[in-house]
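Subject: A structure for you to look through

Dear colleague,

I am passing on a structure that I have been going through, and I would be glad if you kept it open beside this message while you read. My notes on what was found in it follow below.

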Amino acid sequence: SRQGCIEVTSFLTVKEEYSETTVVTRSEFLTIVRHVGSEEETFAALAEIRKKYSDATHVCYAAIFDRSGHAARFSDDGEPSGTAGQPIMEALKASGLRETLVAVVRWFGGIKLGAGGLVRAYSSAASSAIKNAMVVRFELCDVYELWLDFARAKKFTAAAARLPLRIIGTEYSDRVRFTLAAENGLEITAAVADAIGAKPDVDKLETRFIERPETENAR
């Protein structure tokens, strides 16, 4: 039943893979933060990381691989129970990121850190990398196509910045085809008609998540 289920209209994730290294009492920790859109992608990313760093002692991780924050997994990968996966997951949950994997690769340096030391090391390695990764916001948008002749296209382009929509694509043929994105459920026909001074030839194509422009701070 979908009752009581809150529909996600926007979420934060990481734009591109980010990694950083910390050393704690001779143990080296490499933290990798990357976008994952499903459980399959999460496992594929982990397999890649394990292959690349096959000499590592542990590859511990936490992942939230959906937009609502319900689909999640973590692993201690041989570290004492509760000392690695859980602290990484807590850092990930605190960040509010979704569709994100945080993997912490450890090379043991010969000195045991103890349970408290491990929790601190994995927690701070995860928190620091999450804080430094580039974060983007995705918003649920209705996508439209708008066809205009060249004169009206010029008028529309000049007015677009004032309208409650974004031009995400432009194609030229005998006319101009604009691909537009607007907030989900927002009616744009009247605003477009007003901008061009005519009834627009506009059709809704789909509803999907679209990255918010770089100019705005995601966090």
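Predicted model: local features only at pLDDT ≥ 70, side-chain atom pairs only at ≥ 80, totals over all residues.

Two of the pairings can be followed residue by residue. Strand 2 and strand 3 run antiparallel and are joined by 7 bridges, while strand 3 (residues 27–35) and strand 6 (residues 100–107), which also run antiparallel, are joined by 8 bridges.

The turn between strand 2 and strand 3

Strand 2 and strand 3 form a hairpin with 2 residues between them. Threonine 25, although it is not a glycine, has a positive phi of about 45 degrees, and arginine 26, which is not a glycine either, has a positive phi of about 70 degrees. Both residues are placed in the loop between strand 2 and strand 3. Are they buried or exposed? Threonine 25 counts as partly exposed, at 41% relative accessibility, whereas arginine 26 is exposed, with a relative accessible area of 60%.

Helix 2 and its end

The buried residues of helix 2 are Gly85, Pro87, Ile88, Met89, Ala91, Leu92 and Ser95, and what covers them includes strand 4, strand 5, strand 6 and helix 3. Serine 95 lies in helix 2 (residues 85–95), and serine 95 counts as buried because its relative accessible area is 18%, where the limit for buried is under 20%. A polar atom of the side chain of serine 95 lies 3.1 Å from the backbone nitrogen of leucine 97. Helix 2 is followed by glycine 96, whose phi is positive, near 80 degrees.

A glycine in helix 3

Glycine 117 is found in helix 3 (residues 114–132), and with a relative accessible area of 13% it is buried. The C-alpha atoms of glycine 117 and valine 24 are separated by 9.0 Å, although these two residues are 93 residues apart along the chain.

Glutamate 145 in strand 7

Strand 7 (residues 135–148) holds glutamate 145, a residue that carries a charged side chain and yet counts as buried, at 15% relative accessibility. Which residues does glutamate 145 contact, leaving aside its neighbours within four places in sequence? They are Arg177, Phe178, Asp201, Val202, Asp203 and Leu205. With arginine 177 there is a polar contact of 2.7 Å, which joins the side chains of the two residues.

Helix 4 against helix 5

Finally, helix 4 (residues 150–159) and helix 5 (residues 189–196) pack at an angle of about 115 degrees, with their axes 8 Å apart, and their crossing is right-handed. In this contact, Arg152, Lys155, Phe156 and Ala159 from helix 4 meet Val192, Ala195 and Ile196 from helix 5. The residues of the contact divide into 5 nonpolar, no polar and 2 charged.

As you go through the model, you might start with the hairpin of strand 2 and strand 3, and then turn to the polar contact between glutamate 145 and arginine 177.

Methods. Residues numbered from 1 in each chain as written. Heavy atoms only, no water. Axes fitted to C-alpha atoms, helices over the stretch in contact; angles between N-to-C directions. Helix = DSSP H or I, 4+ residues; strand = E, 2+ residues; numbered from the N terminus. Left-handed = near helix turned anticlockwise from the far one by under 90°. Contact = heavy atoms within 4.5 Å. Buried < 20%, exposed > 50% of the residue type's maximum accessible area, 1.4 Å probe, protein only. Polar contact = N/O pair within 3.5 Å; in protein donor to acceptor, adjacent residues only side chain to side chain. Pairing = 2+ DSSP bridges.
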